[in-house]
Structures are given as C-alpha cells and as structure tokens.
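Colleague: I'm new to this one, could you walk me through a few parts of it?
Modeller: Gladly, here it is.

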Amino acid sequence: MNTNKDLNGILPVNKPEGWTSFDVVAKLRGIIGIKRLGHAGTLDPMATGVLPVFIGKATKACDIIPVDEKSYIAGFQLGKMTDTQDSTGEVLAESDMSVDEDLLRQAAGEFTGDIMQLPPMYSAVSVGGKRLYELARQGKVVEREPRQRRVELIEIQEYDKATRQGRMFVTVSKGTYIRTLIHDIGEKIGCYGMMTSLERTSSGGFGIEECLSLEEIQKYADEDRLGEIVLPVEKAFDSAYDKLKLNRHCTPLYKNGVKLRCEQVHIEKLCENQGRIYCVYGFDGEFLGLGQADIEKNELRVYKNF
C-alpha cells in the first residue's frame, strides 16, 4: 500500500554524476511510488548538484519559480576545444599558448553583465522542430540565434598556470550554458577552453546544503519518513513575494476562483503595481497559491492555486 499518495511539495536532490535529470525523476518515482513528479532546471549528465524535484500538486510550480539565478562551481581546462564544449567530447583543436592568471581574470571579467550566448550544438534547444543534440549526433551544424543571458559573477577560485586547469564560481541567469561560457572565455584569450566538471550549488532558491542524495532519500522512504524531508511548495515563493492572509469569509471564495476586491483583503495599496504577485494563505494558515493584482479592475485574482 502506497502511504505517499498524498505527498505534495519539493524535494531538493543532489544529482549524481552520469545521471540525466530524467533518470533522477524516474528513480524517485520508484522510491516514492508517485508518478506525478517534475523537476526544474535540467542538468547535463556530467553535472552534479541542486535539482529541485516537485511532487504531486507541487508540479504546478515547476515552470513559475521566481528565483531566476543559478550558481555553479565549474572545473575548466584551457588549451583544448571539443565538439561538446566539455571534456566528454571529441577534441577539435588545441593550443599550447601560455596563460597567466591575470590574463584569465581579465578575459573572464569581460563576460559579466548582459551577454549574448550562442546555444551549443549539443543542447536541448529546438531548431526547426528538432533538438540540436539530435542534429549534432548526425554530424550536422545548423544556424542558431544568439540569446541574451546575464552573468552576475565569475570568480576564479583556483588556477594552475602549468596545467592551465582551474575552477571558477559563477552566478548566472536561467538558460546560461556554463560550458559555453568557458568556451567563449577561451576564445577571447585565444587559447580555447573546455569545461571539465560542473556542480550546481544553487537553483530555484535552494542551496546544495539542503539537498539529499538518492541513497539518503531511499533510506527515508524505507523508514516511512519521507514527509520529514519534503519541503512545502511555498518555499519556492516566500522569499520573492509578499504574503497575503485571507479571512474566514474570503478563503473559500478564493479557493473557488472568485476574484476579490482590494477592500475585501484589507490592503488599500494592493493594486499599485499591475501584475504584482502575492503568496496567498487561508485564514487557518494554509498556503493556497499565488494571487495576482489587477489595477484596472481593482481586484485580486487567482494566478496559480496548489
């Protein structure tokens, strides 16, 4: 008998190396015994680290997490370029150019702020109805449009001039390819560059310290204690949006999709900002979902209920 069928929430997983994000979700379906699972922020198989997995009704939150920034620790090797832009690919070109740390830092610094990034051929981006990695496996290279991304921080943590290997800490916006960033830094220097390892340390507002391995999750499941490690879905929103608590009369109305007037929720300035989103709680403290203000109609309406 499945005692987890009513489980809803977020389970931050420390994805192991060699697994796809889909592999992790498939494994968790077996551990938890629930089919309705989803994840936010796909990681390449070689990458490890933060993978927020959403369970049950919380899967509605997968695509609307407000925290856009992600942080990574990436290993890199200068002097080599591969078809995948990382160490799993075929080496296409090499350079014996000597690179000191000052030159590396100077080049990396030019990639902070808003940048244009060309999606790599080995990626899940679709062009003409086909995934780029499918075309790449057929030996094809197609035209791609550069996309704007934001790099908040690049910090060189380690660098060995003799081997031209090192590690960097980066904070970037959603959709930024770290291996492409390293590739582009290498191109800027004129010596090539590839990613050798990747650990995501934060994503969707969750840090690596909050994540559990699949083995740890299995242990909790064996002991029938999964409820202790599944975080409430509001954890993904409460740091980004203001909280709004409804009274006993308005709670059932809101649950049924009724639009509430500003005066009903006792917030005079509720509709100052068009489209402003709130975490909405019932009179008993239950998290109901997200509500959105409408200036023109002076009302709060359901944005997403859980």
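Modeller: A word to begin with: a residue is called buried when its relative accessible area is under 20%. Please also keep in mind that this is a predicted model.

Colleague: OK, so which residues of helix 4 are buried?
Modeller: In helix 4, the buried residues are Ile178, Arg179, Thr180, Leu181, Ile182, His183, Ile185, Gly186 and Ile189, so that 9 of the 12 residues are buried and the helix is mostly covered.

Colleague: And how far apart are its end C-alpha atoms?
Modeller: The end C-alpha atoms of helix 4, which covers residues 178-189, are 17 Å apart, and this agrees with the 16 Å that its 12 residues should span at 1.5 Å a residue.

Colleague: What comes just after helix 4?
Modeller: Just after helix 4 there is glycine 190, which takes a positive phi of about 100°.

Colleague: How do helix 2 and helix 4 cross?
Modeller: The axes of helix 2 (residues 101-109) and helix 4 come within 9 Å and cross at roughly 120°, and the two helices are therefore oblique to each other. Their crossing is right-handed.

Colleague: Which residues meet there?
Modeller: From helix 2, Leu103, Leu104, Ala107 and Ala108 meet Ile185, Lys188 and Ile189 of helix 4; the residues of this contact divide into 6 nonpolar, no polar and 1 charged.

Colleague: Switching topic, is alanine 236 buried or exposed?
Modeller: Alanine 236 is buried, with a relative accessible area of 1%, and its place is in the loop between helix 5 (214-222) and strand 14 (242-245).

Colleague: What does alanine 236 touch?
Modeller: Leaving out residues up to four places away in sequence, alanine 236 touches Ile10, Ile65, Pro66 and Phe206. Phenylalanine 206 is 30 residues from alanine 236 in sequence, and their C-alpha atoms are 8.0 Å apart in space.

Technical notes: Residues numbered from 1 in each chain as written. Predicted model: local features only at pLDDT ≥ 70, side-chain atom pairs only at ≥ 80, totals over all residues. Heavy atoms only, no water. Helix = DSSP H or I, 4+ residues; strand = E, 2+ residues; numbered from the N terminus. Expected span 1.5 Å × (residues − 1). Buried < 20%, exposed > 50% of the residue type's maximum accessible area, 1.4 Å probe, protein only. Axes fitted to C-alpha atoms, helices over the stretch in contact; angles between N-to-C directions. Parallel < 35°, antiparallel > 145°, perpendicular 65-115°, else oblique. Left-handed = near helix turned anticlockwise from the far one by under 90°. Contact = heavy atoms within 4.5 Å. Nonpolar A, V, L, I, M, F, W, Y, C, P; charged D, E, K, R; others polar.
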